[in-house]
Amino acid sequence: MNTIQHLSTEAPSVLGGHRLLKSSSCSYFVTTAHGFLLARRMLSGISQPEKYRRILVNSYNRKQSNSSNTTVKTSTKLPSVDHLTPSDAPSVSNAEGREDAASSSQWKERKDDGVDVRAGFSSGKDKKPALLTDSFEYFAFLRRLKRTAEKLLSSFPLAIAELAIIGALCAVGTLIEQGQSREFYLQKYSEDWAFGLFNGEWVLNLCLDHVYTAPYFLGLLALLAASLIACTSSRQIPLVKIARRWRFVNSGASISKLDFHETLPHARLADLAVLLAGDKYQVFMRGPSLYAFKGLAGRFAPIGVHAALLLIMGGATYSAIGGYHGTIMVPQGLNFMVGEAMYPAGFLSQPPDSFDTEVHINKFTIETYPNGEVSQFRTDLSLFNLRGQEVSRKVISVNDPLRYGGFTMYQTDWGISTIQIHVDGEGPFNLVAAPLQTGDNKLFGTFLPIGDNGLAGAKGISMLARDLQSVVIYDSNGAFAGVRRSGSEKPITVDGVTIIIDDIIGSTGLEMKLDPGVPIVYAGFAALMLTTVLSYLCHLQVWALQVDDSLVVGAKSNRNRAEFAEDLGKLLNFVPEIVRDRSMENIAPIISSTNEELSMQGTSAKMDNESSRS
Amino acid sequence: MIYLYVEQIFVYISFLILFLVTLLNLINFFFEIDKINHFSNNGMKFAFLCTTGFLTTRFFQTQHLPLGNLYESLMFLSWGFSFLYLISNVKNKKRLSAPVLATSALLVHAFAVLSLPHKMRESMSLVPALQSQWLMMHVSTTLISYATLLFGSLLAIVLLSIFHGEIKRYCVGNLTNNFEFRNKNYPLISKNFPKQIITESFSYSLFLNSRKCQLIHLLDKWTYQAISLGFSFLTIGIISGAVWANEAWGSYWSWDPKETWALITWLIYAIYLHIRINKKWMGKGSTMAASMGFFLVWICFLGVNLLGVGLHNYDWLI
């Protein structure tokens, strides 16, 4: 019984958050969500004057077109979205507004007091506000602009169309190879595909060679972001506000308008409250009416999804315009300055001090499995600052980068820079190796000239290497001469020259990145993962009213209505039916039969029906 | 060598059993014999254990999760389907999803066993780029998401093809159960009758309509649940792939074909989930979106490797 709150007859505050905070079994998430909205409310207290003036102006405008009753209604309503009534706002709130106006005067008075306190600027609700200044009209114009924009951008077909077109453009980008040279497209699409309508020229003109950075693609992404913002602010947040505002219902008629409703004869509100509390609802009771809800996170999570997507897009934009990127292939034993290898990505790039670091490659190795396949590339790096002190040293490998001073260094590529040999006992000589084949199967070659035929007719010994372990040697005529492992010190005589392969010196391909948007994007990722999972929670609301001897129950959920109906039905089966013995009125009622028994007849009949059908 | 024999035993036994289970399920679907139900459930459990045995053997052999090449991925997908079969067996008493799942598991398994060349079936050591803890999380969540999304999309295709013109009338949004009839005055009326029919007439000749309505309702519900679960997994899979790419190569999104197609799949299922909320388009529109998702998942999983470009191409289909 702990979670049932018997509310005092204070006027409910706009948010009601503090009352929910008192509940003993309030989940942490609900607490923080309410706390967040409370804080936002307090922070936005600065802009309250405009807000209430806007409401008063709206009420004045409506008064011009409607009867004066509407004014009363809008002013007794707590501040909410002025024009957009979300499609599934419960009719309960409207009904209650009208009901409250006609119900106990005590209640009405309190609400009127609330309005007067809040609208301290005007002298009354029926008069045109005296504070209609130019700045106010400017604000009104802005607000109207904002509302039109919101209405346009949050339209549902537009959102679906955006998603679909972005998807289609992404697909086009995978079908047409991206980022190649102009001649490539002219040559590849030279024959007239599609009866001359589509050829290489079209590809280039429509920017299909770089779809993902094309202006229309980026524009679509920006439009999607705008739609997300508009949808969140104009549809979802008001829904949350309305859903959060628990309203006690005072008439059975409004409950009957809900999707799910039922009348339980001879039932007590307290029993229902206990059952709901046992089913993890947050239950609130006031007088004869009850309000319970469950799964409030299911209301916030869709907003969270949109917010996470916006975070990701914002972070990606920041990365694209404010980062640094560079690739470099460094032979083992050499140095380079970080700042020289980095290129800015956009106009917001700020080079940090760590770009003055010198990187020295101590050693580059390739590890292999027993069957000869490559298992890992490792580079031993040392970083020196401008004074020559070593500030960092690490052995990086493919999935293990070096992070220093804001930039990160990744091992992405490799090559062979030189082959070191002894020729006829003299040496060592470094022969620079050239890449003959790049990509996955690399091939490097070098050439040792023999004789004095000059550059044009140079003849010599060719050496080819696929990895850092062995060299294949060919003589001056191109015939295969032999294979030597580096470091084996086994000489080979080719064309009268004795060669010992000392070493194959590799070069490491490093990629460096400075990406300021990564923390934002990671935060967006985490939020997206969490909120996607959370948004499958249903937000369930139950209203109940004790009308004489029977109980009118109504419920509403924002997803998965059918299953919710079944579950609620099963719960309602357990509400005991109280049969009062008239002769013993003063004694506690005897519970003689429960609704469960009665509905068991119904369910058993239903089970018969089902089994006969299945 | 012993590993090879054990693996082959597991694979062929599970293939046979999946074949039998699929046959039994299809027969059961039309003729509804209880014993077949019993046999097919136990058979599926056994096939699930055999496939798990194959995967664990590979794990012991290579010391990493068996997700390195196409063969292992397909076996993992088939394992995912049989796992879904066992889960849906627990919850769904109407056995709608059983033929679909059993057939999918069998077909994927058959493709892996029968059509891939022997060379591709060997376990291979991982290239340096794959030697990471992220391998387990990214590839496994993505494959599980493929399995669930394929299941959901298949159900949507079933729904669309059978009830082509009538989804709108019976769609879930209109099925609001009217509690008033659960009163004790009408104990015999099932509460699953849709509201329109109750208000029109109480004639029992509408019994058949109600069964169709229930079938549509159930298919829709299962599509939604499967796709929503798969969508969460796909989100986690894509994001873990992006984070892994950032840790390994410094860029969390490089418009690689496989990444892009995974994003397109994500978009189509986001469209599905959104259409489902709209009262005007729900029913037919959402089913069509889910059906298209079926083809997109296959393109994403297999079609991209045929193109042969990008980070995900490890020469799988030579």
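This is a predicted model: local features need pLDDT of at least 70, side-chain atom pairs count only at pLDDT 80 or more; totals for chains, interfaces and linings use all residues.
Visitor: What percentage of the residues in chain B is buried?

Guide: Chain B has 318 residues. A residue is buried if its relative accessible area is under 20%. By that cut-off, the buried part of chain B is 58%.

Visitor: Among contacts in chain B between residues at least 6 apart in sequence, what percentage joins residues at least 24 apart?

Guide: Take the contacts in chain B whose residues lie at least 6 apart in sequence. Then keep those that join residues at least 24 apart. The kept part is 79%.

Visitor: Why are α14(A) and α16(A) roughly antiparallel to each other?

Guide: Helix α14 spans residues 297-322 of chain A, and helix α16 spans residues 518-534 of chain A. Their axes come within 8 Å. Angles over 145 degrees count as roughly antiparallel. The two helices are therefore placed in that class by a crossing at roughly 160 degrees.

Visitor: Is the crossing of α14(A) and α16(A) left-handed or right-handed?

Guide: Look at where the helices touch. Residues of α14(A) in the contact include Gly298(A), Ala301(A), Gly304(A) and Gly315(A). From α16(A), the contact includes Ala523(A), Gly524(A) and Ala527(A). The crossing of α14(A) and α16(A) is left-handed.

Visitor: Which strands are the edge strands of the open sheet of four strands in chain A?

Guide: The order in this sheet is β6-β8-β9-β10, with antiparallel pairing. The twist averages 25 degrees from one strand to the next. An edge strand pairs on one side only. In chain A, these are β6 (335-337) and β10 (390-396).

Visitor: Which residue in β9(A) stands opposite Ile366(A)?

Guide: Strand β8 covers residues 358-368 of chain A, and strand β9 covers residues 374-384. They run antiparallel and are joined by ten bridges. Opposite Ile366(A) stands Phe377(A).

Visitor: Which residue in the hairpin of β12(A) and β13(A) takes a positive phi?

Guide: Strands β12 (407-423) and β13 (426-432) of chain A pair in the antiparallel sense over five bridges. Val423(A) has Glu426(A) as its bridge partner. Two residues lie between the strands. The positive phi, near 50 degrees, belongs to Asp424(A).

Key
Residues are numbered from 1 along each chain as its sequence is written. Chains are lettered from A and ligands numbered from 1 in the order in which they are written. Side-chain values use heavy atoms; hydrogens and water are left out. Two strands pair if DSSP finds at least two bridges between them. Axes are lines fitted to C-alpha atoms, for helices over the stretch in contact, and angles run from 0 to 180 degrees between N-to-C directions. Buried means under 20% relative accessible area, exposed over 50%, partly exposed in between (1.4 Å probe, protein chains only). Contact means heavy atoms within 4.5 Å. Angles under 35 degrees count as roughly parallel, over 145 as roughly antiparallel, 65 to 115 as roughly perpendicular and the rest as oblique. A crossing is left-handed if the near helix is turned anticlockwise from the far one by less than a right angle, and right-handed if clockwise.
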